[in-house]
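Hi,

Here is the structure I promised to pass on. Have a look at it first, and then read my notes below.

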Amino acid sequence: MISHNHKCIFIHIPKTGGKSIEHALGKNVEALHKKPWKIKHGKPDDQVYRRLWDDDTYFKFTFLRDPFSRAVSAYFYQLGLCLLRRKHGKKIGYYGRGIAIAYDQAKQEGLPGEGFREFIKSRRNDFEDELRMARSVWIPQCEYIRGYSYDFIGCLENIENDMAYVSKTLGVD
């Protein structure tokens, strides 16, 4: 995400709390997440970011997450998508709040079939070809940070303090 208003570039690594961060920066998250994948979850060397990456006037930051927690989150997210698909009987697109509701329902209902262990072993599920999330969530977080110069790398597990720093740096309430 690029914010010319706040003079910042936020690299949103999947399943690291990025939507909350984008929302905190005043972005229309639903509209932003209808854009191409490289705009939502791109790397610094993607064309959309590359042209501004060396501009020292832009604050460049990202957030990381404990890898196990990230895998559990991906599992429940995709489990929620499975429940939505069964309910609606069609391919899953961007359902916004519907995914969040299905995600909560999936957590309450427990683990289906072979569950989390098989999900981790296979690194895929029946949505892999239909949803980029199934592949991209397995891109190691280091791929988004190694070799790139960031002004700040926060941690989801410390989001309150780390976002306070980002907010102060950018002059955002």
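**What I found**

The accessible surface of the chain comes to about 9800 Å², and 49% of that belongs to carbon and sulfur atoms. Areas here come from the Shrake-Rupley method with a 1.4 Å probe, and for residues only the protein chains shown count as cover.

Before you go on, some ground rules: this is a predicted model, where local features need pLDDT of at least 70 and side-chain atom pairs count only at pLDDT 80 or more, while totals for chains, interfaces and linings use all residues. Residues are numbered from 1 along each chain as its sequence is written, and side-chain values use heavy atoms, with hydrogens and water left out.

**The overall layout**

The chain has 10 helices and four strands; helices (H or I, at least four residues) and strands (E, at least two) are DSSP runs, numbered from the N terminus. In sequence order the pattern reads β-β-α-α-α-α-β-α-α-α-α-α-β-α. Of the 173 residues, 46% count as buried, meaning under 20% relative accessible area, with exposed being over 50% and partly exposed in between (1.4 Å probe, protein chains only). Take the contacts (heavy atoms within 4.5 Å) between residues at least 6 apart in sequence: 72% of them join residues at least 24 apart.

**How the strands pair**

Two strands pair if DSSP finds at least two bridges between them. Strand 1 (residues 2-3) runs antiparallel to strand 2 over two bridges, and I2 has I9 as its bridge partner. These two strands make a hairpin with four residues between them, and K7 in the turn has a positive phi of about 55 degrees. Strand 2 also pairs with strand 3, in the parallel sense over four bridges, and there I9 stands opposite K60.

In a regular strand the side chains alternate between the two faces of the sheet. You can see this in strand 2: C8 and F10 point one way, I9 and I11 the other way, and all are buried.

**The cores**

Which residues touch the most other members of the largest nonpolar core? They are L25, F61, F63, V166 and L170, out of 13 residues in that core. A nonpolar core is a set of buried Ala, Val, Leu, Ile, Met, Phe, Trp, Tyr and Cys residues joined through side-chain atoms within 4.5 Å. Strand 2 (8-11), strand 3 (59-64) and helix 10 each supply at least two residues of this core. Another core, of 10 residues, lies apart from the largest one, and I2, L52, W53 and Y58 are among its members.

**The rings**

There are seven aromatic pairs. Rings of Phe, Tyr and Trp (its six-membered ring) pair if their centres lie within 6.5 Å; planes under 30 degrees apart count as stacked, over 60 as edge-to-face and the rest as tilted. F61 and F63 are edge-to-face, at 6.5 Å centre to centre with 80 degrees between the planes, and both residues are buried. F152 and Y165 have ring centres 4.8 Å apart and planes at 40 degrees, so that pair is tilted. This pair links distant parts of the chain, with F152 in strand 4 (residues 152-155) and Y165 in helix 10 (residues 159-170), 13 residues apart. F152 is buried, with a relative accessible area of 15%, whereas Y165 is partly exposed at 40%.

Enjoy exploring!
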